[in-house]
Amino acid sequence: DDVGGVGLVYEISTAGALIGSWIAPNSTNSDSEGLAFDGNTGNLWLTDDGMNVVYELDAADGSQISSFAYPGSDPGGITWRNGLLYVLDVDTLEILEMDTSGTLLSIASIAAIGPRPRGITWDGSSFWIAAQSELDDEPGELFQIQVTFTSTTASTPVPALSPIALTMLLLLLGALALHAIRSRPNLSSRF
């Protein structure tokens, strides 16, 4: 929540009682969007679209453990699944799959649900996305979706040959061609 220009994170019991709160990292410039629990470490992941950063935070006190620049354009909600992070990109209407160091692995389109996605979670078999209504005073919608991720890993290009390597390759090909010509039987003497 952004209260008076300061980003706050609230800890609330399952009964809805306020347990505590702490100030988000870089809170004067932040616009905290999504929060996710990391099932491996017990830490929290926080997206900040004001700074375009994803923070790893200690769940006990909110202290910053690590951060990385968000590889998309406008981070919204975030969820954790099997050691990877999934962030809604509000501008591009995509889910970005990345590792916990911020390396973008793949992307899935969510354009079919329409504009203004805000929150995302994983239930063990599918993603759930909360989308804000076009009119701020209208109720939003909740979508259960299955998506196909497309890898962003570029294929490894074939390295260019240096002039020396190219010359050696041409000499080798020439020698092989000459050897093939010399070892071929003389066809003209057969007639």
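Analyst: Let's start with Phe127, which counts as buried because its relative accessibility is 2%; buried means under 20% relative accessible area, exposed over 50%, and partly exposed in between, using a 1.4 Å probe and protein chains only. Before going on, please note that this is a predicted model, where local features need pLDDT of at least 70 and side-chain atom pairs count only at pLDDT 80 or more, while totals for chains, interfaces and linings use all residues. Residues are numbered from 1 along each chain as its sequence is written, and side-chain values use heavy atoms, with hydrogens and water left out.

Phe127 belongs to the largest nonpolar core, which has 12 residues, including Tyr86, Ile95, Ile129, Phe143 and Ile145. Such a core is a set of buried Ala, Val, Leu, Ile, Met, Phe, Trp, Tyr and Cys residues joined through side-chain atoms within 4.5 Å. At least two residues of this core come from each of β9 (84-89), β13 (127-131) and β14 (141-145); strands are DSSP runs of E, at least two residues long, numbered from the N terminus. Strand β13 gives the largest share, three residues.

In soluble globular proteins, nonpolar side chains tend to be buried together.

Now for the rings. The structure holds five aromatic pairs; rings of Phe, Tyr and Trp (its six-membered ring) pair if their centres lie within 6.5 Å, and planes under 30 degrees apart count as stacked, over 60 as edge-to-face and the rest as tilted. One of them is tilted: Trp45 and Phe68, 6.2 Å centre to centre with 50 degrees between the planes. Trp45 sits in strand β5 (residues 44-48) and Phe68 in strand β7 (residues 64-69), so this pair ties together parts 23 residues apart in sequence. Trp45 is buried at 1% relative accessibility, and Phe68 is buried at 8%.

Back at Phe127, its ring pairs edge-to-face with Phe149, at 6.2 Å centre to centre and 65 degrees between the planes. This pair links strand β13 with the loop between β14 and β15 (150-151), 22 residues apart. Phe149 is partly exposed, with a relative accessible area of 22%. Ring pairs also link Phe127 and Phe149 with Tyr86 and Trp122 into a cluster.

Conventions:
Helix = DSSP H or I, 4+ residues; strand = E, 2+ residues; numbered from the N terminus.
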